[in-house]
Amino acid sequence: MDNLKLNVSLLRQRVPNLTSAAKSVGLRPATVSNLCTGKIPVGRAEVRTIAALASLAKCSLDELILRGESVEMIETGIKPLDLFAPLAKGGTVGLVARPGMGQLVLLGELFHRFKQDGYATILLKPNGEYPELKDMLDDVQHVTHSIDDTYNLIMEMGTGAEIMFAADREHVLTGEIYELQERLQQEGIHNVTTFLVDLKGAVVDDDMPYGPLETLWVFDADLAARHKFPAVHPLHSTSSVLEGSHLDQLHHIVQQRAQKLLRRYRELRSLVNVRGVQGIPAAELTAYGRGERLEAYLTQPFVIAEPYTGIKGVRVALHDTLNDVQAILNGSMDHQAVESLTWIGQLQA
């Protein structure tokens, strides 16, 4: 039963505004999202919920429920992404940020790395003028101007190409992105990983800004304000890779421990901002110090930012990130100054 999953592409095609539609029939949008991403196994969902979704999509239960397949992770070499919200290969990724939080810098860095790793990179140019996009165009191999252009280009590349595709939310609101994904799947093309951004920043206020996603990267205003980049929220970002058997056991343990520490650190930091370090209980000083060091370690210099920062960009393998985070969690870095862990790659032995 646990290898069942929803036919999310069919749902997207038949019910473009899934959030509103779910609410209209008494379903919680968060529940629908969790079912679509696999966070809630279909086999354990209420029959009423599945039946309501089938009714919304005007399809049979057999059409709505598919046999699940394993979710493959693409390692990015970016510490907070790989640790807290791994990139699901062939899935849809949503970036939730207001302007100025660094979402395009992160996307530009990813496309730089993907191009080096042999992926084809495509950007569907948004309507309007966005000067901030020009910094990432060097690492975009193909710029398209319509959904049909994108479809034709991907069809020319065929099933053998691994493709990274980015588009603005305007194409989500029209439903065109889901139509494109459906057309490609009908042609047997499943090797396109789609990145959705919102250049206007309106998605921050939505419960499900892009509908169901395989990977969600939420940016944090507090991290961005303190120049802790990439400013990806370690507690609100998530991925279907994290579910069940898709994740290595060590990764799962380290990720859970790191989130627990950072959750407590954020609570303590609120107190410190008001009362100073002396205002928190002595018993909490260790947690505060380790949380501060972990947050510092999760910053990372990017290659595309080298001209501005003067710091050489680095890639950190997942196994190194896991080992380093374990070392911080276990207290091996308690003697290190916080500043020495900021803007580095992996810890030095």
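Me: In which helix does Val105 lie?

Reply: Helices are DSSP runs of H or I with at least four residues, strands are runs of E with at least two, and both are numbered from the N terminus. Val105 lies in helix α7. This is a predicted model, in which local features need pLDDT of at least 70 and side-chain atom pairs count only at pLDDT 80 or more, while totals for chains, interfaces and linings use all residues. Residues are numbered from 1 along each chain as its sequence is written, and side-chain values use heavy atoms, with hydrogens and water left out.

Me: What is the relative accessible area of Val105?

Reply: Buried means under 20% relative accessible area, exposed means over 50%, and partly exposed lies in between (1.4 Å probe, protein chains only). Val105 has 40%, so Val105 is partly exposed.

Me: Which residues is Val105 in contact with?

Reply: Contact means heavy atoms within 4.5 Å. Once neighbours within four places in sequence are set aside, Val105 is in contact with Phe302 and Ile304. As for Gly279, 174 residues away along the chain, its C-alpha atom and that of Val105 are separated by 37 Å.

Me: Gln103 also has its place in helix α7. Is Gln103 buried or exposed?

Reply: Gln103 has a relative accessible area of 6%, so Gln103 is buried. Not counting residues up to four places away in sequence, Gln103 touches Leu95, Ala97, Val197, Asp198, Leu199 and Phe219.

Me: What does helix α7 lie across?

Reply: Helix α7 (residues 103–116) lies across the strands β5 (92–96), β6, β8 (163–168), β9 (192–197) and β10 (215–218). Axes are lines fitted to C-alpha atoms, for helices over the stretch in contact, and angles run from 0 to 180 degrees between N-to-C directions. Helix α7 runs at about 160 degrees to β9. Helix α8 (residues 147–157) packs on the sheet too, touching β6, β7, β8 and β9, and its direction makes about 170 degrees with that of β6.

Me: What is the order of the strands in the sheet?

Reply: Two strands pair if DSSP finds at least two bridges between them. Here seven strands form an open sheet with mixed pairing, in the order β7-β6-β8-β9-β5-β10-β11. The edges are β7 (142–144) and β11 (238–239); each has a single partner strand, so one side of each is left without a neighbour in the sheet. Strand β6 (residues 120–124) pairs with β7 in the parallel sense over three bridges, and Leu123 stands opposite Val143 in β7.

Me: How many residues of β9 are buried?

Reply: In a regular strand the side chains alternate between the two faces of the sheet. Both faces of β9 are covered: Val192, Thr194 and Leu196 are buried on one side, and Thr193, Phe195 and Val197 on the other. Six of the six residues are buried, so β9 is largely enclosed by the rest of the structure. Strands β8 and β9 pair in the parallel sense over six bridges, with Thr193 in β9 as the bridge partner of Met164. Strands β5 and β9 run parallel and are joined by three bridges; Val93 stands opposite Phe195 in β9.

Me: At what angle do α12 and α15 pack?

Reply: Two packed helices are described by the angle between their axes and the distance between the axes. Helices α12 and α15 pack at about 45 degrees, with their axes 10 Å apart.

Me: What should the 13 residues of helix α13 span?

Reply: The expected span of a helix is 1.5 Å times one less than its number of residues. For helix α13 (residues 285–297) that gives 18 Å, and its end C-alpha atoms are 18 Å apart, which agrees. Its buried residues include Gly289, Arg293 and Tyr297, and what covers the buried residues of α13 includes α6 (79–84), α11 (221–225), α12 (249–275) and α15 (318–329).
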